[in-house]
Amino acid sequence: MTLLEATNISHSFDYPLFDDVNIKLHAQESIAVVGVSGSGKSTLLHILSTLLAPKQGSVKLFGQEIYTKNTQKQLLHIRRYKIGIVFQSHYLFKGFSAKENIEVSSLLVNHPIDEEIIKAFGIERVLEKRVTELSGGEQQRVSIARVLTKRPKILFADEPTGNLDKKTAGAVMDVLFHYVQDNDAALFLVTHDLQLAQSCSKVYRLEDLRLKSLQ
Ligand SMILES: Nc1ncnc2c1ncn2[C@@H]1O[C@H](COP(=O)(O)OP(=O)(O)OP(=O)(O)O)[C@@H](O)[C@H]1O
């Protein structure tokens, strides 16, 4: 099943970022995009995940064109209930504990927190701590747990393991890959780390305005 289809996407800010980009993401699939800093990876992720309309081209999520036909209300519904976005800066609620942050998602979709994920992320002992008392890597894992608790069909992740050591990063990626398999979901990953990217089913490099297939 095709969950995401982007056709002939082009975008620019002060200068052109990419041109004529085409991507299809199917259930149980993971796509990684690598590229140098400033090549437009995060911008592409924003375009695919309802946050930014491209200058040209079409983006379909779950078979539905998202930028021309959808009202803001429908976009909000997709963003809240059908996709999950892990940002480089994680946007946790600072005054809340780690657990309360994850509970927000749990309440939103009326689904309990998955204790297995908490354990696999190694954050069970910090759940009662306030966000400001957590290390950067702990905050990153709490934010991923919060997003997974919504049980999104597509998970968009921008450098999700940027603050983590290799071993912890590997453990987190394992959870993401299992989540995708077990839930018929899909992962769109942006990273600088080519080795990490190569654990995905498809790898692309954003370079010279094009999305080039590496794997
Ligand atoms: N909202 C915006 N308005 C204007 N320019 C922007 C905006 N967002 C990003 N840019 C510019 O677009 C370019 C690409 O940014 P983007 O964050 O997509 O790159 P990236 O490949 O993800 O970089 P990094 O690896 O450093 O995170 C940068 O030059 C950035 O300054």
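**Note on a predicted model: helices and an open sheet**

1. After helix α1 comes Thr50, which has a positive phi near 80 degrees. Helices here are DSSP runs of H or I with at least four residues, strands are runs of E with at least two, and both are numbered from the N terminus. The model is a predicted one, in which local features need pLDDT of at least 70 and side-chain atom pairs count only at pLDDT 80 or more, whereas totals for chains, interfaces and linings use all residues. Residues are numbered from 1 along each chain as its sequence is written.

2. According to the UniProt record, an unreviewed entry, the annotation "domain: ABC transporter" covers residues 1–214; positions are given in the numbering used here, feature names are shortened, and such annotations may be inferred rather than shown by experiment. Over residues 1–214 the model is 34% helix and 28% strand, and the end C-alpha atoms of this span lie 23 Å apart.

3. Helix α1 (residues 41–48) is largely enclosed by the rest of the structure, because six of its eight residues are buried. A residue counts as buried if 20 or more other C-beta atoms, placed from the backbone, lie within 10 Å of its own, as exposed if 12 or fewer do, and as partly exposed in between. The buried residues of α1 are Lys41, Thr43, Leu44, Leu45, Ile47 and Leu48.

4. In helix α3 (residues 98–109), the buried residues are Ala98, Asn101, Ile102 and Ser105. Viewed down the axis of α3, these residues fall within an arc of 95 degrees, so they line one face of the helix; the arc is that of the directions from the helix axis to the C-beta atoms. Among the elements that cover them is α5, where contact requires C-beta atoms, placed from the backbone, within 7 Å. Directly after α3, Asn110 has a positive phi of about 55 degrees.

5. Six strands form an open sheet in the order β6-β7-β8-β3-β9-β10, with mixed pairing; two strands pair if DSSP finds at least two bridges between them. The edge strands, each pairing on one side only, are β6 (83–86) and β10 (210–213). From one strand to the next the twist averages 20 degrees. Helix α5 packs on the sheet, where it touches β6 and β7, and its direction makes about 175 degrees with that of β6; axes are lines fitted to C-alpha atoms, for helices over the stretch in contact, and angles run from 0 to 180 degrees between N-to-C directions.

6. Within this sheet, β3 and β8 are parallel and share four bridges, and Ile31 has Phe188 as its bridge partner in β8. Four bridges also join β3 to β9 (residues 202–207), again in parallel, where the bridge partner of Ile31 is Lys202.

7. By contrast, β9 and β10 run antiparallel, joined by four bridges, and Arg205 stands opposite Lys212 in β10. These two strands form a hairpin with two residues between them, and Asp208 in the turn has a positive phi of about 50 degrees.

Conventions:
Contact = placed C-beta atoms within 7 Å.
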